[in-house]
Amino acid sequence: MDSLVNINITEPITELVKVVSNGIGTLYEPRRIRKKAEAEAKALEITERSKTNAEIERRERLCESDIRIQNRLMAQERMRQKNIDDVVDIAAYQLKDERKVPKDKVSVDWATRFFNTVQDISEDEMKLIWGKLLAGEVKSPGSYSLRAIELLKNLTPEESQLFTEVSKFALKRAHEIIIIQSDDINNDYGLTFDKILTLTDAGLLKPIIETAITLKAANNPDTFDFTYGNYAVKAIAKSEEQVSTYVYSIAGSQIYNLIDNPEVNLDYLKKVLKSISNDNVKFQIYKITKWNDFNDFDIDEKNPIDINVY
């Protein structure tokens, strides 16, 4: 992946550098600039070696434990700097095709909390998520709450992997992300209740008692109730219908948006919709042919997908 210094300096990249500087409390310089500084430091080190014997002797008189402390702190800060650089490079790559930045700016408090966290993130997979989160916040300040930062900070790599796995079964509904409760179908696809509980305990899903949703009688034929990858689902209800679901928390929904094109399974979608169909509510699935905006899309209206064919 290209580093920040190899990417054209557009407005979003300039804004990214400002956010990083605010977060770390000093002017952030891309790696190439620091390479020059490192070369100068190396030259200075050579000069230092040529200093008088008296200076060398003074250094040798330092307490051995003090030297170990200095070495440990330096090694720790070098690793932290690398972690920050890696995350910033990922964010820059995500922003490389953007041309404008919004009027709203990322808050200094948010930036400080963010970089105080990512300095200690060493797992490459987690760095990728944090880099995307930073880019998303630069593009649209307020997209990721401090609670989302705290939640993501406390996720283990195993929980992160489980979250990605479970999200293959998630449907988007307006501003919510849900998983339909259908134990038999879900179990057949490895979506066990234990996995749901793990993600609930991690704060990615809401407590189960809060998760029923209501499907209303259809008034607008152009209204779709869910999207699932590149599929749109329309509920045709005669009257209000309660559906038991697992609902992502607000922070969990924000983190879900960091997943690149979650895998979807059309057979799963057909089966889970059929399992909650009844005399009051039926479902139609359509292939999305074009995304115009976040919640606006075109469908293949002439070819609805039969939920009875797997």
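**Figure 1. Position of E241 in the predicted model.** In this predicted model, E241 lies in strand β6, which spans residues 241-243. The residue is buried and yet takes part in no salt bridge; the nearest side chain of opposite charge belongs to K238, which is 10 Å away.

**Figure 2. The polar partner and the surroundings of E241.** Although E241 has no salt bridge, the side chain of E241 does make a polar contact with the side chain of N280, at 2.7 Å.

**Figure 3. The largest nonpolar core, with F114 and L134.** This core holds 74 residues, and those with the most contacts inside it are F114 and L134. Helix α6, covering residues 124-139, gives the most to this core, contributing seven residues. Leaving aside residues up to four places away in sequence, F114 touches V87, W130, L133, L134 and I149.

**Figure 4. The whole protein, as context for the close-up views.** Twelve helices and nine strands are present in the protein, and 39% of its 310 residues count as buried. Among contacts between residues at least 6 apart in sequence, 77% join residues at least 24 apart. The protein exposes about 18,000 Å², of which carbon and sulfur atoms supply 48%.

How values were computed
Residues are numbered from 1 along each chain as its sequence is written. This is a predicted model: local features need pLDDT of at least 70, side-chain atom pairs count only at pLDDT 80 or more; totals for chains, interfaces and linings use all residues. Side-chain values use heavy atoms; hydrogens and water are left out. A nonpolar core is a set of buried Ala, Val, Leu, Ile, Met, Phe, Trp, Tyr and Cys residues joined through side-chain atoms within 4.5 Å. Buried means under 20% relative accessible area, exposed over 50%, partly exposed in between (1.4 Å probe, protein chains only). Helices (H or I, at least four residues) and strands (E, at least two) are DSSP runs, numbered from the N terminus. Contact means heavy atoms within 4.5 Å. Lys and Arg count as positive and Asp and Glu as negative; His and the chain ends are not counted. A salt bridge is a side-chain nitrogen of Lys or Arg within 4 Å of a carboxyl oxygen of Asp or Glu. A polar contact is a pair of N or O atoms within 3.5 Å; within protein, one must be able to donate a hydrogen and the other to accept it, and residues adjacent in sequence count only if both atoms are side-chain atoms. Accessible areas come from the Shrake-Rupley method with a 1.4 Å probe; for residues, only the protein chains shown count as cover.
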